[in-house]
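Hi everyone, thanks for coming. Please have the sequence and the 3D view open while I talk, and stop me whenever you like.

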Amino acid sequence: MDKISSIRGMPDVFESDTNYLAELNETLSRIFLSHNLNEINTPILEQTELFIRSTGVTSDIVNKEIYSFNDRNEQSLSLRPEGTAGVVRSIIQKKLDTAEHKLWYQGPMFRYERPQKGRFRQFNQAGVELLGFEEGSSDLEIISIVCDIFIELELENSVLRINHLGDKDTKEKFSSELLKYLKTYKGELSDNDKEKLNKNPLRLLDSKDGDLKDFLDKGPKIIDFLSSEQLNLLDKIQSVFGKYVEIELDSSLVRGLDYYTGLVFEAVSSNLGAQDSFLGGGRYDELSKDLGGKEMPAIGFAIGLERLILLAGKDLAVPRNTDIYIINQGLIAESLALDLSRKLRIYDLIVELDLSGASFSKQFKKANKLKSKSIIVIGEDEAVKCEFIIRLFD
Ligand code: HAM
């Protein structure tokens, strides 16, 4: 019979990676709690329309990466490619879109991308969304959370790139100037880039094409379209947080999702290779209205957990050792061993109980293989003494 394998780009997370993923989630949730955020869990499946209206018709996510299918009612559903849209949808649906919310989430996301190191079709994100907060202190708060992650996880060779896209009007004004400038270059563009130019010229700013980059370097810059308040915000972020993390102003940073206005940022590390971005976010003041909700300014970010695992390297993926291995032989010893193991686990110890009935030497071998820190041996003769020990734990 043929063996069934997992879907390309959807790896099983196993052994040391599961331990590290759990450790990461624990650290991140501690940081989020310390910022007084509440956890929210939205479903993995949503109506496809949600992602079309949020991430935008020009985004790669909607164009080629979304996993969509019709259910039995012919309703188009999609596996969530990111968490922000679902969170905003949920707050609008609960009619809570007039209040402030400080939320965090974590869970699997799905994108039909070409798999490579650090890029999967199913991957895990942890994200933060501050909803109902206008530009200003919430932008500083969100960068402060990002800083805590950098510091707590001791992320080395990492840089936080920041940019400001202006408000909706500024973004539109700049887009049309950019379009005018790029039209003279249209003949040189690839078909893909021509399409971007027509739909959303901003998407060309982070192009990897060297000639286009040189041409863009001489073109209009978003920074010249920003108000003094917007420029002050960028300065403030650099002066307040520059002592904790390396911050770079990057006028080509636009981000791949259409919902952004205002501050945008991305954390990259030279230790990651081609997929060097491990965290991304920004302000999305228009999204609530685009999804039929009230005016609800907001800012957030998400962090890719698999990329964090890669960043941490192998040394953090230490296999977990067993604290105590209980070897036993004979019926009385076995029932005492069962009792003892249950009592020891109350003290948060990792306890392995051998119920194989195998010889002592085989049980010892297994205990050593698990690198058990302590071994308790209960034979028929020891059973009586063991009963005494167990009573000590009562
Ligand atoms: P994003 O930049 O698309 O933003 O994704 C955030 C992070 O998810 C990336 O920096 C990366 O670490 C990870 N990631 C993305 N795609 C993959 C993949 N195929 N394989 C592995 N990791 C991946 C968002 O998703 C926005 N929702 C962030 C946000 C929240 N903006 C505002 N609020």
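Let's begin with a definition: a residue is near a molecule or strand if one of its heavy atoms lies within 4 Å of it. By that rule there are 26 residues around the ligand, and E82, E113, F120, E129 and Y260 come nearest.

Before going on, a word on the source: this is a predicted model, where local features need pLDDT of at least 70 and side-chain atom pairs count only at pLDDT 80 or more, while totals for chains, interfaces and linings use all residues. Residues are numbered from 1 along each chain as its sequence is written, and side-chain values use heavy atoms, with hydrogens and water left out.

Back to the ligand. Which side chain has an N or O atom 3.1 Å from a nitrogen atom of the ligand? That is Y259. The backbone takes part in the list too: F278 has a backbone N or O atom 3.2 Å from an oxygen atom of the ligand, and a polar backbone atom of G304 is 3.3 Å from a ligand oxygen.

Now for empty space. Rolling a probe the size of a water molecule over the atoms shows where empty space is left. On a 1 Å grid over the protein atoms alone, a cavity is a set of points where a 1.4 Å probe fits but cannot get out; a pocket is an open set with protein on both sides within 12 Å along at least five of seven lines; and lining residues have an atom within 4 Å of a point. Grid points are joined across faces, edges and corners, and a volume is the space filled by probe spheres set on the points.

The second largest pocket has a volume of about 430 Å³. Of its 19 lining residues, K171, E172, N200, D258 and Y259 are the closest to its centre. Helices α2 (48–55) and α6 (168–183) each give two or more residues to that lining, and α6 gives the most, with four. Helices here are DSSP runs (H or I, at least four residues), strands are E runs of at least two, and both are numbered from the N terminus.

How many cavities of 30 Å³ or more does the whole structure hold? The search finds one.

Let's visit some single residues. Buried means under 20% relative accessible area, exposed over 50%, and partly exposed in between (1.4 Å probe, protein chains only). V146, in helix α5 (residues 137–152), is buried because its relative accessible area is 1%. Contact means heavy atoms within 4.5 Å, and beyond four places in sequence V146 is in contact with L160, F265, L279 and F301.

S252 sits in the loop between β8 (246–249) and β9 (261–269). Is S252 buried or partly exposed? It is partly exposed, because its relative accessibility is 27%. S252 and L205 are 47 residues apart along the chain, yet their C-alpha atoms are separated by 5.2 Å. Setting aside neighbours within four places, S252 is in contact with N163, L205 and D206.

Last stop, helix α11 (residues 305–312): seven of its eight residues are buried, among them L305, E306 and R307.

Note on methods. Polar contact = N/O pair within 3.5 Å; in protein donor to acceptor, adjacent residues only side chain to side chain.
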